[in-house]
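Dear colleague,

I am handing over the structure below, followed by an account of what was found in it. Please read the notes with the coordinates open beside them.

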Amino acid sequence: MKEKTAIKKQVPMIVLSALLIFLIVCPLLTIFAKAVMTDGRFQLGVVWQTLCESQNAKMIGNSLLLGVLVVIVSSVIALPLAYLFSRTKFAKYRFFDIVFMIPFMTPPYIASMGWILFMQKNGLLQQLFPATAGCENYFFTLGGLVLVMSLHVFPFMLTMMKNAMLNIPSSLEESAAVFGAGFGARLKKVFMPLLTGNYAIGALLVFVKTIAEYGTPATLGKRIGFDVFTTEIHRYATVAPIDFGKSATLASVLVGICLMMWMLQNYITNRHTYNLVSGKGTRVAQTKMNKLATVIAWIYIAVVLLLAIGVPYFSVISTSLIKLRGYGLQAGNFTFQHYIDLFTANAKGLNAMKNSFFLAVSSASICAVLGTLIVIAIRNAKSKFGKVLEAISLLPEMIPSIVLIIGIMLFWNQIYNVLPLYNTLGIMILAYVVLFLPYTIQYVTSAFTQISNSLVAAGQVFGGSSTYIFRRITLPLIMKGVMTGWMMTFIIAFRELVTASLIAPPNTLVISTYIVREFEQGSVSVGMAMAVLCVLFTTTALLILNRAIDKQKG
Amino acid sequence: MQIRLTNITKSFGEKNVIDDVSLSIDSGSFTTLLGASGCGKTTLLRMIAGLETPDTGEIWFGDKCIFSSEKKINIPPEMRGLGFVFQDFALWPHMTVFENVAFGLRAANNTENLESKVMEALRAVQLKDFAKRYPHQLSGGQQQRVAFARAIVIEPECILFDEPLSALDALLREEMRTELKELMSKLKITAVFVTHDQTEAMSMSDKIAVMHAGVVDQYEEPEEVYAHPSTEFVAKFVGSSNWIDEHQMFRPEKASLTPSSDGKKFDVEVLSTQFLGNAYEGKMKYKDQIWSYVTSSKMKTGEKVSLYLNEKDIVRV
């Protein structure tokens with residue numbers, strides 16, 4: 001009888017594992033199969049051939065170079081800020097935490113469109129300052145691409161390094177001072193060695209994010225003919241002559257690079273990070289700053305914010321309001337007409353909004369339910385099975401989304417006869433669910449870890465059955481995690497570009513593809529009006545979420 | 001309700017946490033499981049509650065068997081009808097004080113006069129004005145009281161306490177000690193109390209079970225445990241002890257500096273003295289043992305003194 005109940009307990013686990021293998025592992029395996037199989041035969045030679053084609057070799061070099069340069073530039077931007085916001089009087093300005101998340105939360109394709117509008121020939125900068133004519137020659141280069149991508153990704157590095165610096169107790173520095181080390185020596189002997197591990201992890205993550213990024217290379221990179229992994233995978237999969245084999249080969253290589261980076265990241269975390277957080281709470285003393293240093297710091301913060309937020313948002317908003325772009329920024333040349341056109345000129349804009357909203361709500365809801373079930377199954381599993389299930393469910397976060405999407409395309413094409421989901425909105429929901437499932441998993445898991453075991457034990461002792469305990473204690477306590485996961489999924493799905501541009505059914509536009517299409521071959525101003533609305537809507541949603549969470553804390 | 005444990009064992013992997021423990025807890029008594037951390041006292045308590053499952057043995061509540069490895073009986077915790085006060089209080093943070101206390105009644109569908117029962121329990125712990133608050137809006141001592149109220153409201157025959165006072169500061173701990181003891185004797189509920197604090201154990205208990213390495217070393221009244229420790233561990237763990245040799249010891253306050261007729265004489269050398277406020281505590285050297293002895297006057301380091309002790313005050317273990 002005992003064995004029977006043991007098997008019965010495993011049923012949900014087995015069902016969920018099978019589902020995840022079907023949704024995540026099968027598409028990935030299809031890619032690898034497609035890469036090494038040509039005309040039904042195993043041919044590794046073709047893979048090598050593809051990689052050796054001069055354009056592909058150059059592209060791989062491009063991607064790696066871009067990754068390295070973005071790591072360097074975003075470090076240069078982020079490290080001084082991290083120090084300012086952790087160990088000087090600037091730490092008290094908590095609102096900067098939110099302000100500096102704006103560049104990271106802005107969809108990269110929108111930010112890079114803003115930069116293009118700002119810097120291009122006769123663009124906004126040259127209208128404001130005619131003397132800057134010719135600047136486009138400097139901007140539409142690899143340097144410009146690196147700058148725009150760094151300005152997007154640096155908040156990530158900033159947050160990581162700021163937290164790492166906050167975790168170094170001042171007592172460590174003070175004891176070094178007591179034993180005779182000056183400021184420079186303390187920085188070199190205590191501060192930096194304690195941070196190397198964290199920095200290495202941050203740098204690796206920025207690298208992976210950069211080579212997996214599609215939005216900026218697809219908009220700005222395209223203008224300067226700088227091909228990278230993501231754009232080439234996209235091209236082979238969408239532009240004639242379509243060659244899924246090559247697309248799959250490049251995707252496999254990209255996955256290989258990313259997984260290697262993750263492994264390296266894991267290794268460094270285990271070997272070179274220090275557990276500095278004690279239960280006693282860490283006291284952080286602040287470095288004193290004189291007037292000059294304070295002024296320089298303010299200027300630095302202002303310049304970074306101007307570049308990271310000011311330029312893209314100024315361009316996007318002003319372009320959406322300009323009547324005739326030929327006349328530029330002049331009094332009387334402003335109008336709300338583009339916003340009205342968005343809704344009235346044709347049904348496309350409204351449909352795109354409807355589609356995005358429908359996709360975001362449905363995928364966020366499915367993720368919330370599925371993700372919560374998975375976390376519960378993982379936590380109830382006593383065997384190694386749970387670890388495997390968790391690893392699979394988090395896989396989509398480690399793999400560039402474009403790769404997973406190609407896999408889903410190939411896999412669902414193969415089984416079209418059995419499950420005709422391909423080319424419908426259904427496949428988009430499915431793809432979003434696969435891509436964004438890790439958000440729910442992570443938020444719900446972290447909510448679970450905050451529930452002390454004795455809260456559940458108390459429920460048992462005071463007579464609650466397991467379903468009663470789940471309903472009255474566990475569920476209310478993880479609800480915050482579930483809601484946060486839902487909202488994050490909603491926001492990110494609402495503006496998702498690469499999935500939509502690859503597997504949206506014909507003639508189905510969502511907000512992101514609508515913006516890109518208007519930007520490239522329609523009315524730039526209408527496209528930017530849509531971008532403004534999209535950012536406004538998602539930011540409001542995020543603020544409401546934050547407010548709701550704060551309120552719950554009481 | 002009498003609680004009987006017979007031949008309970010439990011091991012986690014290779015380690016024996018509970019090693020053949022048998023214990024009978026009298027109905028209505030206040031019984032303490034005392035021991036250092038890792039001795040198995042909390043595990044034993046959680047077994048009574050049903051939160052841990054013994055490997056072998058039986059547990060009886062009165063004449064009802066609630067666990068037996070042989071007969072394959074294991075009543076789940078929610079059916080045992082006990083009260084439990086957790087070390088970290090374990091108040092549900094998303095429920096008000098009222099709802100926390102009402103949980104046990106609601107879970108058992110015992111909602112008749114719910115409001116008045118809950119308020120009665122809150123009144124007993126002097127918290128009736130705090131019903132609408134959330135746990136995080138209360139101080140540590142108030143949270144502790146809510147945990148008591150939650151345990152008494154279901155009118156259990158027995159309440160289990162897992163180091164409930166250890167999360168409080170010293171002053172509050174002493175206050176709650178008295179309050180808790182009074183409350184329990186007023187309600188006539190059997191109490192099983194786990195602690196590592198010997199003062200707490202001695203001041204509150206009718207009986208103390210001193211545990212060591214998964215075994216109950218001694219199970220008697222506090223006075224007996226102090227005066228006649230049955231093992232070396234109990235002698236050392238409860239109160240302070242001066243050792244004459246490997247098997248003979250005495251409690252420091254039994255010795256005297258003035259000679260008595262039938263007293264044994266011990267010559268010792270003063271190593272150091274410490275001022276305690278109301279007295280001085282001296283560390284003294286006797287052969288290769290270090291003794292402690294409290295006096296009203298200060299002694300010089302290096303001074304040679306004699307201690308006198310009645311034969312009957314020497315304890316052999």
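**Domains and chain A**

The domain assignment of chain A gives domain 1 (1-32 + 336-554) and domain 2 (53-310), the bounds coming from an automatic or database domain assignment. Before going further, please note that this is a predicted model, in which local features need pLDDT of at least 70 and side-chain atom pairs count only at pLDDT 80 or more, while totals for chains, interfaces and linings use all residues. Residues are numbered from 1 along each chain as its sequence is written, and chains are lettered from A and ligands numbered from 1 in the order in which they are written.

Taken over C-alpha atoms, the centres of domain 1 and domain 2 of chain A are separated by 26 Å. The contact between them takes 19 residues from domain 1 of chain A and 23 residues from domain 2 of chain A, two residues being in contact if their C-beta atoms, placed from the backbone, lie within 7 Å. On the side of domain 1 of chain A that touches domain 2 of chain A, at least two residues each are supplied by helix 1 (2-36), helix 19 (401-414), helix 23 (498-503), helix 24 (511-521) and helix 25 (524-553) of chain A; helices (H or I, at least four residues) and strands (E, at least two) are DSSP runs, numbered from the N terminus. By class, that side of domain 1 has 17 nonpolar, one polar and one charged residues, where Ala, Val, Leu, Ile, Met, Phe, Trp, Tyr, Cys and Pro count as nonpolar, Asp, Glu, Lys and Arg as charged, and the others, Gly among them, as polar.

The secondary structure of chain A comes to 25 helices and two strands. Its radius of gyration is 25 Å, close to the 24 Å that the globule rule gives for 554 residues, so chain A is as compact as a globular protein of that length; the radius is taken over C-alpha atoms, and the rule is 2.2 Å times the number of residues to the power 0.38. Buried residues make up 43% of the 554 residues in chain A (a residue is buried if 20 or more other C-beta atoms lie within 10 Å of its own, exposed if 12 or fewer, and partly exposed in between, with C-beta atoms placed from the backbone).

In chain B, an open sheet of six strands has the order 7-8-9-3-10-11, with mixed pairing; two strands pair if DSSP finds at least two bridges between them. Strand 7 (83-85) and strand 11 (215-220) of chain B stand at the edges with a single partner strand each, so one side of each is left without a neighbour in the sheet. Within this sheet, strand 8 (residues 158-162) and strand 9 (residues 190-195) of chain B pair in the parallel sense over five bridges, and B:Asp162 stands opposite B:Val194 in strand 9.

The loop between strand 7 and helix 2 of chain B holds B:Phe89, which has a positive phi of about 70 degrees although it is not a glycine, and which is buried, with 23 other C-beta atoms within 10 Å. In helix 2 (residues 97-107) of chain B, the buried residues include B:Val97, B:Asn100 and B:Phe103, and the buried residues of this helix pack against helix 3 (114-124) and helix 4 (140-152) of chain B.

As for the two chains together, 19 residues of chain B are in contact with 16 residues of chain A. Helix 2 of chain B gives the largest share of the side of chain B that touches chain A, three residues.

With best regards
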